[in-house]
Amino acid sequence: MNDDLILGARPLEKGRIRRVPAALGRRVECLGGSLWITQDGDARDIVLASGEGFEFDRTGDALISALADSSYLLLQACAAARGPFATGPCPSAHRAAAVP
């Protein structure tokens, strides 16, 4: 088990908001609870349940809002998906469904 990931988990209480500066290329993984993601200049609402993730695909800042008491990881998208010996561009990341 990778303790670095467990130690990197961040709690976010219901109703609280965290700003993610320069979010493009990062990824958020919802470990528990429910998160609402908004990105600067993006009309979509992204809602993550426990076990879902989202790769930020817009330049600018983003907001992570807790719809319930939650915990999450904030990662660089490429590093986890590619592995230590991979070369070339990052593979496509799973995206949670956008809520209209």
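The chain has two helices and nine strands, both taken as DSSP runs numbered from the N terminus, with at least four residues (H or I) for a helix and at least two (E) for a strand. Along the sequence these elements follow the pattern α-β-β-β-β-β-β-β-β-α-β. This is a predicted model, in which local features need pLDDT of at least 70 and side-chain atom pairs count only at pLDDT 80 or more, while totals for chains, interfaces and linings use all residues. Residues are numbered from 1 along each chain as its sequence is written, and side-chain values use heavy atoms, leaving out hydrogens and water.

**Whole chain**
- Among contacts (heavy atoms within 4.5 Å) between residues at least 6 apart in sequence, 68% join residues at least 24 apart.

- Four strands form an open antiparallel sheet in the order 1-8-3-6, where two strands pair if DSSP finds at least two bridges between them.
- Strand 1 (10–12) and strand 6 (53–55) are the edges; each has a single partner strand, so one side of each lacks a neighbour in the sheet.
- Strand 3 (residues 26–32) runs antiparallel to strand 6, joined by three bridges.
- Val28 stands opposite Phe54 of strand 6.

**Ser71**
- Ser71 lies in strand 8 (residues 70–76).
- Ser71 counts as partly exposed because its relative accessibility is 23%.
- Leaving aside residues up to four places away in sequence, Ser71 touches Arg10, Pro11, Glu29, Cys30, Leu31 and Gly32.
- Glu29 is 42 residues from Ser71 in sequence and 8.7 Å away in space, C-alpha to C-alpha.

Notes:
Buried < 20%, exposed > 50% of the residue type's maximum accessible area, 1.4 Å probe, protein only.
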